[in-house]
Amino acid sequence: MTKIGLIRCEKNEDRCPLTGCLTSLKGGVQGFAGYDAAEIAGIFTCRCPGDGLVEKAKILKSKGAEAIHFCTCAFAHKESNEWVMGEGFCDHLDGLMAQVASQAEIPCVKGSAHLPKAYQPETVAPG
Ligand code: SF4
């Protein structure tokens with residue numbers, strides 16, 4: 001069982017209640033396919049431009065999170081019922097992930113639900 005922290009962008013917090021993310025996590029599919037079993041440790045919303053995100057990641061870690069996933073809608077968008085890379089809600093996600101991985105010392109995974117075709121979730125290792 002791997003405990004997962006989830007971070008989503010504030011730009012989507014009033015539109016999506018994380019249904020796809022949580023369903024994918026529970027089912028061990030999409031961004032969570034690499035785990036034998038995954039369980040949610042907690043969820044935070046990132047507020048632009050990411051102030052306090054490292055602290056939030058540390059809190060998730062203190063609640064048992066072994067990895068943090070960043071929601072797919074942060075780096076991809078929907079086009080005619082299909083999710084494609086780019087034009088997500090966050091234009092500096094890679095930098096934030098690198099900062100969180102190194103300063104909170106926890107692996108950060110880019111992706112959660114409905115991954116764009118052929119995209120394999122990238123992981124930023126701590127350190
Ligand atoms: S990745 Fe999908 S399900 Fe998860 S918060 Fe974004 S839009 Fe909602």
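Helices here are DSSP runs of H or I with at least four residues, strands are runs of E with at least two, and both are numbered from the N terminus.

Before going on, this is a predicted model, where local features need pLDDT of at least 70, side-chain atom pairs count only at pLDDT 80 or more, and totals for chains, interfaces and linings use all residues. Residues are numbered from 1 along each chain as its sequence is written.

Now, which residues of helix 2 are buried? In this helix, residues 53-62, they are Leu53, Lys56, Ala57, Leu60 and Lys61; buried means that 20 or more other C-beta atoms, placed from the backbone, lie within 10 Å of the residue's own, while exposed means 12 or fewer, and partly exposed is in between. They sit on the same side of helix 2 because they cover an arc of only 145 degrees around the axis, taken from the directions from the helix axis to the C-beta atoms.

Over to helix 1, residues 19-27. Cys21, Ser24 and Leu25 are its buried residues. Down the axis of helix 1, these fall within an arc of 100 degrees, so they line one face. Thr19 and Gly27, on the other side of helix 1, are exposed. Just after helix 1 comes Gly28, also with a positive phi, about 65 degrees.

Finally, helix 1 sits between strand 1 and strand 2 in a β-α-β unit that is right-handed: with the strands pointing away from the viewer, the path from the first strand over the helix to the second runs clockwise.
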